[in-house]
Amino acid sequence: MGRIIRHVILGFALLLAVSIAFTPAAQAAKEVKIGFSMALTGPLGPAGKAALLAMEIWRDDVNAKGGLLGRKVKLVYYDDQTKPANVPGIYAKLLDVDKVDFIVSGYGTNLIVPALPIAMERGMVFMGLFGLDANAKFKYNNYFQIMPAGPDPIVDWSVGFFELAAKQKPRPKTIALLSADSEFARNAVNGARRNAKKYGFKVVYDQRYPFPGTSDFTPILRAVKAANPDLFYVGSYPGGSVGIVKAAHEIGLEPKLFGGGMVGLQYTAIQMNLGKLLNGITNYWFWAPEKTLKFPGIEAFLAKYQKEAPKQKLDPLGYYLPPFAYAYVQVLGQAIEATKSFDQAKIGAYIRNNTHSTVVGNVKFGKNGEWATSRTFQVQLQDITSNKMSEFSKEGKMVVLYPEEFKSGNLIYPYAKGK
Amino acid sequence: MLSFEFILNALVAGLLLGGFYAALSAGLSLSFGLLDVVNIAHPAFILFGSYLTFYVNEHFGVDPIIAGLVFAVPAYFVGVAVYRIYYNSFEKTGAESLRGLVFFFGLFFLIEVILIITFGVDYRLVRAFYIGKSTSIGPVGIAFRLFVPFLVGGILATVLYLFLTKTFFGRAIMGVAQDSLAVQLMGVDPIRIKTVAFGIGIATAVIAGSLLIIIGPVEPTIGREYIGRVFAVTVLGGLGSMTGTLVGALILGVAESFTSSFFGPSWALAVSFGILLICLAVRPSGLFGR
């Protein structure tokens, strides 16, 4: 009788152990949780959702190979609505309520800066997604930013535009600067202002326009035209970029070099709408289907992205942000695997001291967690003949002019000739 | 820099922008100015019109203006339904002041979410033969992308003005705005009148939406940018005055354009709202308000 009771108790104990092992709590303990805020709505929503898809592709790729150190990856995220004020609360919740193991940033400078003090306070590694000099004031050594702006991002961001301008004969003399009134665009144009001084171009127009809140750019561009600059450097967000390109065509504004820091011209929907109006514009770019930019894994990633993006009504080509959104979590994953640890300090040290092979090429971080050397491409849009999407997935349409190492064609100068 | 040509171009650009603002604000002038319904969701209806226009332009190549005019008809009935809900839930019980405002706030966010789910968060634009083209009259350059919304906005405000002043129904709306009880004593149902007027307001919002997407790209939350501006135009012009709405819109448009041209664009909004504040201090009922 005692033997039977012992067997029954043993049976119950085994049953209990098995059921505990398979409870959600036990499963969750085996996951590596990566938490972040992301702009899923608001002005940066289109790019933010595309970034999220890229991160989900990375998660699925990693989990298909068994996860990180044997633990499956789980992404925990909240929509920050492109509002910096929402960000601190989201990260506090991620760390204190969701108990995530790692945090990475949302998309864009304005959304990274409010999260950085929290990462610093908790001593956590903080991967940044497209922050322009976000760490300049904090100087946090475990912050690493994936946008290839370079060690002095504000200046390096636009240096290619000025290098190209300085090589032209006769050498341009004057420049107009226009930026959206927001942190990113202001930073971009601050850098352009310093470069203008360094390269000896005289600034003949230097203004900011309200963002959001500018419906028509015609009066602004007429003022630029009246200043008659040789170069026109613009730091703008997507809605503004479209308005500026259209207004420039409508009033016949033809500086010798036009573009620089216009966000949105890299988005497929905007490219398809503007079509031929894009010809001749020289602007920053991060990736294009050029022969010089075929990094390992990029095409496999884009194939997965382009299969899923139309279903989610996202940018169908995804050349701008998605590869970098994949890469910034790829770096974190590689560091966890290499250190065989979840220790923030060890992972931070590994990311800081090594070169990382990613879908956006080799990444080495330097001062303030920015890329050790700048790799912001200057691309000129050339030979666009239609508004079809296929036009923008071909080689030779977004010609890389700078840096020299990745050059895939020559600048058509002046802008009017390339139009 | 201060050439006559430059000043003239700044003036024309301001007038074109003002015409567009008039189109955005005309419907609100009806609902807020005349009916005292604080329809904070008005910009969301404008954006809804933009997305409907985008859909038929993208899939069937329909001209944005035609799309706006066609969709104005079902939008009228949507407006009628919204007002019925608002009236029965809030106005009838005298709870319209705060709860009614919350209702329209809720409606605003609901429309945004519907747009996000249906169309995604990507920027949407339309194509039309006149977008991207421009012409010159003497030294003045005119972009069709801005001239078409100006023209439609001007026609819209004029038609509404004639409707309100020359037709029985229009006068009845004005009557309800002035003294609802007096209109009721004359055998007119003020609720029916208000329902029709609100429906017309939403129909004009949808037409304005088709103009918005002609001018530039839209995304589901862009309506928030216009809340301040449409209320500013309505208040500056004077509550209940369609002439005031048109004049107020043109003043703000010209003020923005001149500020952008001569003092720098970063001052444009501050100057516009500064004008509104000065006007309200000097003439609290607005330029044409009674």
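In chain B, helix α2 (residues 42–60) and helix α8 (residues 190–215) have axes that come within 6 Å of each other and cross at roughly 60 degrees. The arrangement of α2(B) relative to α8(B) is therefore classed as oblique, and the crossing is right-handed. All values reported here are computed from a predicted model. On the α2(B) side, the contact involves B:His42, B:Phe45, B:Ile46, B:Leu47, B:Phe48, B:Gly49, B:Ser50, B:Leu52, B:Thr53 and B:Phe54. The α8(B) side contributes B:Ile202, B:Ala205, B:Val206, B:Ile207, B:Ala208, B:Gly209, B:Ser210, B:Leu212 and B:Ile213. By class, 13 residues of this contact are nonpolar, six are polar and none is charged.

Helix α2(B) also meets helix α3 (residues 64–91) of chain B; here the axes come within 9 Å and cross at roughly 125 degrees. This angle likewise makes α2(B) oblique to α3(B), and α2(B) passes α3(B) in a right-handed crossing. The residues B:Gly49, B:Leu52, B:Thr53, B:Val56 and B:Asn57 of α2(B) face B:Pro64, B:Ala67, B:Gly68, B:Phe71 and B:Ala75 of α3(B). Six nonpolar and four polar residues make up the contact between α2(B) and α3(B), with no charged residue. Within α2(B), B:Gly49, B:Leu52 and B:Thr53 take part both in the contact with α8(B) and in that with α3(B).

Contact between them involves 12 residues of domain 1 of chain A and 17 residues of domain 2 of chain A. On the domain 1 side, the contacting residues comprise seven nonpolar, three polar and two charged.

One open sheet of chain A contains five strands in the order β2-β1-β3-β4-β5, with parallel pairing. Its edges are formed by β2 and β5 (143–145) of chain A, each of which pairs on one side only. Neighbouring strands are turned against each other by 20 degrees on average, direction ignored. Strand β4 (residues 126–129) of chain A runs parallel to β5(A) and is joined to it by three bridges; in this pairing A:Met127 stands opposite A:Phe144. Helix α3(A) packs on the sheet, where it touches β1 (32–38), β2, β3 (102–107) and β4 of chain A, and its direction makes about 165 degrees with that of β2(A).

A further open sheet of chain A has seven strands, ordered β7-β6-β8-β9-β10-β13-β14, and its pairing is mixed. Strands β7 and β14 (398–402) of chain A are the edge strands, each pairing on one side only, and the twist averages 25 degrees from one strand to the next. Six bridges in the parallel sense connect strand β8 (residues 231–236) of chain A with strand β9 (residues 257–262) of chain A. The bridge partner of A:Val234 in β9(A) is A:Gly260. Helix α7 (residues 153–166) of chain A packs on this sheet and touches β8, β9, β10 (282–285), β13 (377–381) and β14 of chain A, with its direction at about 170 degrees to that of β9(A). Helix α9(A) lies across β6 (174–180), β7 and β8 of chain A and runs at about 175 degrees to β7(A).

The contact between the two chains takes 40 residues from chain A and 36 residues from chain B. Elements of chain A that each supply at least two residues are α3 (45–64), β7 (202–209), α9 (218–227), α10 (238–251) and α11 (268–274). Of these, α10(A) gives the most, with eight residues. The side of chain A that touches chain B divides into 18 nonpolar, 13 polar and nine charged residues.

Most residues other than glycine have a negative phi, and most peptide bonds are trans. The peptide bond from A:Lys169 to A:Pro170 is cis, with omega near -5 degrees; A:Pro170 is placed in the loop between α7 and β6 of chain A. A cis peptide bond also joins A:Tyr413 and A:Pro414, with omega about 0 degrees, and A:Pro414 lies in the loop between β14 and α15 (415–418) of chain A. Residue A:Gln81 has a positive phi, near 60 degrees, and lies in the loop between β2 (73–79) and α4 (87–96) of chain A.

Conventions. Residues numbered from 1 in each chain as written. Chains lettered and ligands numbered in written order. Predicted model: local features only at pLDDT ≥ 70, side-chain atom pairs only at ≥ 80, totals over all residues. Contact = placed C-beta atoms within 7 Å. Nonpolar A, V, L, I, M, F, W, Y, C, P; charged D, E, K, R; others polar. Helix = DSSP H or I, 4+ residues; strand = E, 2+ residues; numbered from the N terminus. Pairing = 2+ DSSP bridges. Axes fitted to C-alpha atoms, helices over the stretch in contact; angles between N-to-C directions. Parallel < 35°, antiparallel > 145°, perpendicular 65-115°, else oblique. Left-handed = near helix turned anticlockwise from the far one by under 90°.
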